[in-house]
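Me: I would like to go through a structure with you, one question at a time. Could we begin once it is on the screen?

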Amino acid sequence: VQLVESGGGLVQAGGSLRLSCAASGGTFIISPMGWYRQAPGKQRELVATITSGGNADYGDSVKGRFTISRDNRKNTVYLEMNELKPEDAAGYYCNILFGTHYWGQGTQVTVSS
């Protein structure tokens with residue numbers, strides 16, 4: 001299983017970014033997928049998860065600002081991030097539960113104030 005993230009970058013506070021994560025190496029229609037993030041010196045935290053049926057769950061700090069979605073035909077999960085804040089800056093990691101947890105290499109999000 002391979003997860004490849006893209007879409008990170010530098011954005012001003014209040015701006016938006018869209019992250020993508022493409023999974024390969026299996027059939028993931030029934031697999032929960034999600035995004036986590038980790039800032040320097042902090043623990044990795046949940047950003048959002050989504051089930052195969054499209055039920056989403058969000059970390060408290062991103063509720064109302066971030067939206068997770070998935071395209072099962074493309075084995076891809078997305079994270080639409082709006083109203084970005086400096087505290088959202090972190091490495092963002094894609095995750096899929098496919099027998100065990102698999103992680104992508106991460107994509108960096110930097111938010112300037």
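**Loops, core and strands**

Reply: Glu83 is found in the loop between E8 and E9; strands (E, at least two residues) and helices (H or I, at least four) are DSSP runs, numbered from the N terminus. The model is predicted, so local features need pLDDT of at least 70 and side-chain atom pairs pLDDT 80 or more, while totals for chains, interfaces and linings use all residues. Residues are numbered from 1 along each chain as its sequence is written, and side-chain values use heavy atoms, leaving out hydrogens and water.

Me: What is the phi of Glu83?

Reply: Glu83 has a positive phi of about 50 degrees, although it is not a glycine. Most residues other than glycine have a negative phi.

Me: And what about Asn75, where does it lie?

Reply: Asn75 is in the loop between strand E7 (66-71) and strand E8 (76-81). Asn75 also has a positive phi, near 50 degrees, and is not a glycine.

Me: Is Asn75 buried or exposed?

Reply: Asn75 is buried, at a relative accessible area of 19%. Buried means under 20%, exposed over 50%, and partly exposed in between, with a 1.4 Å probe and protein chains only.

Me: Which residues is Asn75 in contact with?

Reply: Apart from neighbours within four places in sequence, Asn75 is in contact (heavy atoms within 4.5 Å) with Cys21, Ala22, Ala23, Gly26, Phe28 and Met33.

Me: New topic: how many residues has the largest nonpolar core?

Reply: The largest nonpolar core has 27 residues, and Trp35, Leu79, Met81 and Tyr92 have the most contacts inside it. Such a core is a set of buried Ala, Val, Leu, Ile, Met, Phe, Trp, Tyr and Cys residues joined through side-chain atoms within 4.5 Å.

Me: Which residue is the bridge partner of Trp35 in E5?

Reply: The partner of Trp35 is Ala48. E4 and E5 run antiparallel and are joined by five bridges; two strands pair if DSSP finds at least two bridges between them.

Me: How many bridges are there between E4 and E9?

Reply: E4 and E9 pair over six bridges, in the antiparallel sense. Gln38 has Gly91 as its bridge partner in E9.
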